[in-house]
Amino acid sequence: QVQLVESGGGLVQPGGSLTLSCAASGRTIDNYSMGWFRQAPGKEREFVAAITWSGNSRYYADSVKGRFTISRDNAKNVVNLQMNSLKSADTAVYFCAADRGRGDSTTYYSAGGTYDYWGQGTQVTVSS
């Protein structure tokens, strides 16, 4: 079992930045690809970003390309999501997830069913 705990959410003004962290426990995540999803009120969960187990490939939703960066630190068992130029449309609960598979496409990583473990989420609110 892998337990995932997100942190770093909060209130930020439009144009601001936040860094979310996902701390894993139970197992090391060096064999897991990791993803971030978000869910806004009244909307379905949507894919944000993913990074493969090796760290060699990253995938992003079109809505966050150029603004968000996913990274991992296997030594610390942590995955981060750096979010810049935040917009009100980025307001949501953000979830991290772990996948034991070996996909190689945005299609693969954007499907929630790909992932084996999920965190509880952290709220991000972008508002002036």
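**Strand pairing, core and side-chain contacts in the predicted model**

Asn-84 lies in the loop between β8 and β9; helices (H or I, at least four residues) and strands (E, at least two) are DSSP runs, numbered from the N terminus. The model is predicted, and local features need pLDDT of at least 70, side-chain atom pairs count only at pLDDT 80 or more, and totals for chains, interfaces and linings use all residues. Residues are numbered from 1 along each chain as its sequence is written, and side-chain values use heavy atoms, with hydrogens and water left out.

Asn-84 is partly exposed, because its relative accessible area is 28%; buried means under 20% relative accessible area, exposed over 50%, and partly exposed in between (1.4 Å probe, protein chains only). Leaving out residues up to four places away in sequence, Asn-84 touches Gly-16, Ser-17, Arg-67 and Phe-68, where contact means heavy atoms within 4.5 Å. With one of these residues, Ser-17, the side chain of Asn-84 forms a side-chain polar contact of 2.9 Å. A polar contact is a pair of N or O atoms within 3.5 Å; within protein, one must be able to donate a hydrogen and the other to accept it, and residues adjacent in sequence count only if both atoms are side-chain atoms. The C-alpha atom of Asn-84 is 8.6 Å from that of Thr-69, and the two residues are 15 apart along the chain.

Thr-69 itself has Gln-82 in β8 as its bridge partner. Strands β7 and β8 pair in the antiparallel sense over six bridges; two strands pair if DSSP finds at least two bridges between them. Another bridge partner in β8 is Val-79, which belongs to Arg-72. The two strands form a hairpin with four residues between them, and Asn-77 in the turn has a positive phi of about 60°. On β3, Leu-20 stands opposite Leu-81 in β8, and β3 and β8 run antiparallel, joined by six bridges. These pairings belong to an open sheet of four strands in the order β1-β3-β8-β7, with antiparallel pairing. Its edge strands, β1 (3-7) and β7, each pair on one side only. From one strand to the next, the twist averages 15°, with axes taken as lines fitted to C-alpha atoms, for helices over the stretch in contact, and angles running from 0 to 180 degrees between N-to-C directions.

The largest nonpolar core has 38 residues, and Leu-4, Met-34, Trp-36, Leu-81, Met-83 and Tyr-94 have the most contacts inside it. Such a core is a set of buried Ala, Val, Leu, Ile, Met, Phe, Trp, Tyr and Cys residues joined through side-chain atoms within 4.5 Å. At least two residues of this core come from each of β3 (18-25), β4 (33-39), β5 (46-51), β6 (58-60), β7 (68-73), β8 (78-83), β9 (92-99) and β11 (122-126). In soluble globular proteins, nonpolar side chains tend to be buried together.

Arg-38 is found in strand β4 and is buried, because its relative accessible area is 5%. The side chain of Arg-38 makes polar contacts with the side chains of Glu-46 at 2.6 Å and Tyr-94 at 2.9 Å. Beyond its neighbours within four places in sequence, Arg-38 is in contact with residues including Val-48, Ser-63, Phe-68, Asp-90 and Val-93.

Seven aromatic pairs are present in the structure. Rings of Phe, Tyr and Trp (its six-membered ring) pair if their centres lie within 6.5 Å; planes under 30 degrees apart count as stacked, over 60 as edge-to-face and the rest as tilted. Tyr-32 and Tyr-117 form an edge-to-face pair, at 6.2 Å centre to centre and 65° between the planes. Because Tyr-32 lies in the loop between β3 and β4 and Tyr-117 in strand β10 (residues 117-118), the pair ties together parts that are 85 residues apart in sequence. Both Tyr-32 and Tyr-117 are buried. The pair of Tyr-108 and Tyr-109 is also edge-to-face, because the ring centres are 4.8 Å apart and the planes are at 85°. Within this pair, Tyr-108 is partly exposed at 27% relative accessibility, whereas Tyr-109 is buried at 0%. Ring pairs also link Phe-37, Phe-47, Tyr-115 and Trp-118 into a cluster.

Thr-114 lies in the loop between α1 (106-109) and β10. Thr-114 counts as buried, because its relative accessibility is 14%. Apart from residues up to four places away in sequence, Thr-114 touches Asp-99 and Tyr-108.
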